[in-house]
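Colleague: I have the structure open and would like to go through it with you. Could you take my questions one by one?

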Amino acid sequence: MKKSANDQSASGPAPIQEAVKTVIDTLGISSESNLIGVLQEVQARCGYLPPEALEAISRRIKIPLSRIYGVVSFYAQFYTEPHGRHTIRCCRGTACYVRGGQRVIDAVKAELGVEEEQTTEDMMFTLQTVACLGACALGPLMVVDSTYHGNMDPRKALRVLQMYQEDSG
Amino acid sequence: MESEMTTDKIMTDEISLSIDGTEVTVPDGTTVFMAAQRVGIDIPHLCYDPALGLPPTGSCRLCVVEIEGQSGLVASCCHPAAPDMVVHTNTEEIRTTRRVVVQLLISDCPQECLICESCGECQLQKYAYELGVEQTALLKEPVRPEPIQDGPAIIYDHSKCILCGRCVEVCHNVEVTGAIDFLGRGFDTRISLPPGVPRDESGCTECGNCIDVCPTGALSFAGARRAGRVWELQRTVTICPYCGVGCQIVLHTRNNRVVKITGEPGLGVNQGRLCVKGRFGFDFIGHEERLTEPLIRRNGELTPVSWEEALDFAAQRLAELKSEFGPDAIGGLSSAKCTNEENYVMQKFMRAVVGTNNIDHCARLCHASTVAGLAKAFGSGAMTNSIDDLDQANAIFVIGSNTTECHPIIGAAIKRAAQRGVPLIVADPRAIELTEFATVYLQHKHGTDVALINGLIHVVLQDGLEDRDYIDRRTEGFEQLQAAVEQYTPEFVAKITAVPVADIIRAARIYANAPAASIVYSMGITQHITGTDNVLALANLAMLTGNVGKPGAGVNPLRGQNNVQGACDMGALPNVYSGYQKVDDDEVRAKFEAAWDVSLSPTPGLTVVEMMNAAAEGKLRALYVMGENPVLSDPDSSHVEEALRKLDLLIVQDIFLSETAQLADVVLPAAAFAEKEGTFTNTERRVQRVHKALEPPGEARLDWQIICDLARRMGYEMSYPDVAAIQDEIAAVTPIYGGITYDRLAEGALQWPCSDGDHPGTPIMHVEKFSRGLGKFHPVEFIPPQELPDDEYPFLLSTGRILQHFHTGTMSRRSDVLDELVSVGTIEIHPDDAEAVGIVDGQPVRVSSRRGQIEIGAHVTERVMPGTVFLAFHYREAPANRLTIAALDPIAKIPEFKVCAVSITKA
Ligand code: SF4
Ligand code: SF4
Ligand code: SF4
Ligand code: FES
Ligand code: FES
């Protein structure tokens, strides 16, 4: 119920019911379908996995809602809260930290006006931090969606953000 | 002997292995864990629950063992035994590994065994003790999230949860509800309903089976908090007092009160699982409103008197009325809640002491048409197969049975079958839960069952799917059937029933093509003016396809009350003595006259509804009611009340001052099931022992002793030293119970027919031949219900039960958990109709029929068809039977509870 307000404010994501319907119809989902694939597809369209979507999936492919939440909550890739169009993951691991990772994080926070795990008002970015992204040599590291941006400093980081903002015009 | 052993060998490949030096031979495919159990070695285990009968998940690693020649320890619960394997289950290395496992698990637990409800039962505690696990520094700061109680019954304490997954397994794969699962990851992982969904909207049925399987104190029953721990409670194994499934329950009592009820893992027809009523519906037993002393009406008031006085008065008045108006002016209602022994004694009292066959009970209102119909077709009116037999069905056809709510344990078995891929056909005017599991769902209009079933038969014949050989050898009357169903083409039937042609054809083919197909039905079939016809039509369909007399098949009526089968078996019916022996058969009567040493009336007596009519007309002067509540349970209750008020004498023997007892002249306080020894017979003809756990409150007494005292006062010597002696008399005069004795029952339940001491009982009936010899086809024609909607009363009302309550609510509504789950009744109405009437969900409506009116809240749901409404009959403040019609099936005299016309307006 709470979510419906968010639905409207979300400029990017397609209306939920429609998205679920499209995914389920176009993928020809049946009870044998791979649940993770379905969840990924619905999330790609809606930006996140709203409860209504999970309920619809549960009904359609006849998997109990509790199990769907089990899967969704197990994988870090799934979001049950509205999520920005782009996910920024800044590293706070040791290697990045000693090269000034924290300053990058602070700069991004200040620019976007959000804390960790929050989403910007325009639904453009969600900020996350992670312990180590496994590419320490490139540190300080910032990953946007699946693109790695290495050797960051506050100035470069802001330029990267600008790039994404302009892209989606 | 010889031949038996050889067949054994052929049937299963056996392998031998050694476990801790003991040789053990087991069927191939057995796990090491189960093989060890065979020789009495209980390997420590936490995530695996052998009693559930589910495959192991293998997550806890406590069950590790050493197998010679294999490196490392293996989890015995998932490791298959192999020939010549040498297994060690308890070496120092194994103990060390186990110690580590338990240490890790317990380090998350607050270790507050001093105050933990599960202390003494907790498996973690047990293994920590056995392995000598020492209290260690905790791995992390103890986080102690508050236990969650999100309903009246279940508490979840995350900090005691070892994430073994047993509760998830039972919920998804046994109960097939899937309400709970693991949520989150890492340290945060917990067991949870879908986040944000309240328990009562989650699909959780509150069966509490998750509590029973939880090995620690993580899941517990709120009602038992601080009420005593395992060593302080007395355990009594007995049978559930609610529905006809006949689940085995364990009463845990202390200070003459029930603290909690559990199942006994792996035992009973329920295999240790229970539904919400059986587990939580017990507060009525020790309820403060229990009757504790006899009452007599004086100056209009029911006034406490001594037993002497009450019994003297009742006996004297009965005798007077008998001599003035004759024995047939007196009637008796026996009880499907009482034991077999009590029902036997009650019908004997009416017949031998009063001298009339006016004895009946509420089976008239639920399955009289089954008893009549199946007796005509097969020669015996009971469930042909057994409950566990459903596991062998290749297809299941459920019609007119809301199984998951009314017979939940059988409902779960049907859901499990569907989950395994067994095709399920569900025919019901309401979109009940089972329809979600159905391969084909036939939403036929109320009261069109004969047309639908004839349509299925038509398709079977048209496609040539009938079993010719079976028809020739085992049945008679086939040609007449063939002729009668000729006109029931799918197109014709679709018009009557509103079921699409394609679905009729598909359902018929699924049913007929299955090697063994089971029919399951209940009151949606029986409670019609065509109830007997409906039953006959189902019998036709089953015989046509050779589906009677073999495993996984049959025609299976699910009986409503815990002992309604037994009450019928015992002859609490106006036309038969115990064992369905006819009162108008001279030979039979002579036998009973000799056994009871009296002369008996050869005229069949009146049925329930006929008794009410006779009372209203002044022909019936006295009624003796044991454990029934006709004011709420019978159709057209205003008429019933009026009839009862006219009586010269109304004796009511009950555990509460029911709506009927409030009208009585004499009220006799009786004992409840938990206070009795005796037997109940469940829906599959299984005679099971009931055991006493508590003393009756106040002066309440056992029903059979009260009846015997009345009999003696009326000059007939009736006395038994104990219930076993009554059973011996039953066995002596009742061939189908002939071999049933308390000695044998102590070893296990028996299914009738069981003719003598060596007879093993009968799980499947009509195997070689039908009870009546040949099975008989009875052609039946579609007849519409008596009262259909019209302009004045535009809605069709159907009545029934819901999961959380039972019958007139005397018991369930006096049980805290059940009452909290559903405290007010509602009427189900379709959204379109709700809009037309101008109401929204939860708003009160006035429901009126030609017979009366009630007010009740609306529950707007697509479960019901447009133009129809559904109402449960549990609520005394909104009695459904004030609306229903006393239209009767001409053969079985069962009323048409399932269809009458009503109007609905905003209240
Ligand atoms: S769950 Fe077991 S170990 Fe933990 S406190 Fe309760 S009894 Fe003790
Ligand atoms: S009470 Fe029954 S349905 Fe509810 S979570 Fe437990 S096992 Fe599942
Ligand atoms: S609640 Fe009990 S049964 Fe369920 S996972 Fe936790 S410990 Fe196991
Ligand atoms: S610490 Fe930043 S990527 Fe490894
Ligand atoms: S009992 Fe075998 S792994 Fe848990």
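Colleague: How far apart do the C-alpha centres of domain 1 and domain 2 of chain A lie?

Modeller: The C-alpha centres of these two domains lie 29 Å apart, where domain 1 covers 13-74 and domain 2 covers 86-168 of chain A, with bounds that come from an automatic or database domain assignment. Please keep in mind that this is a predicted model, in which local features need pLDDT of at least 70 and side-chain atom pairs count only at pLDDT 80 or more, while totals for chains, interfaces and linings use all residues. Residues are numbered from 1 along each chain as its sequence is written, chains are lettered from A and ligands numbered from 1 in the order in which they are written, and side-chain values use heavy atoms, with hydrogens and water left out.

Colleague: Switching to the ligands, which residues come nearest to ligand 3?

Modeller: Of the 14 residues around ligand 3, the nearest are Cys161(B), Cys164(B), Gly165(B), Cys167(B) and Cys214(B), and a residue is near a molecule if one of its heavy atoms lies within 4 Å of it.

Colleague: And how does the shell around ligand 3 divide by class?

Modeller: That shell has eleven nonpolar, two polar and one charged residues, where Ala, Val, Leu, Ile, Met, Phe, Trp, Tyr, Cys and Pro count as nonpolar, Asp, Glu, Lys and Arg as charged, and the others, Gly among them, as polar. The shell around ligand 2 divides into six nonpolar, three polar and two charged residues, including Ile154(B), Arg199(B) and Glu206(B).

Colleague: New topic: how many aromatic pairs are there over all chains?

Modeller: The count comes to 17 aromatic pairs over all chains, where rings of Phe, Tyr and Trp (its six-membered ring) pair if their centres lie within 6.5 Å, and planes under 30 degrees apart count as stacked, over 60 as edge-to-face and the rest as tilted. One of them is the edge-to-face pair of Phe221(B) and Phe282(B), at 6.3 Å centre to centre with 85 degrees between the planes.

Colleague: Is Phe282(B) buried or exposed?

Modeller: Phe282(B) counts as buried because its relative accessibility is 5%, and buried means under 20% relative accessible area, exposed over 50% and partly exposed in between, with a 1.4 Å probe and protein chains only. Phe221(B) is buried too, at 11%.

Colleague: Which ring does Arg814(B) lie over?

Modeller: Arg814(B) lies over the face of Phe656(B), 3.8 Å from the ring centre; the rule asks for NZ of Lys or CZ of Arg within 6 Å of the ring centre and within 35 degrees of the ring normal.
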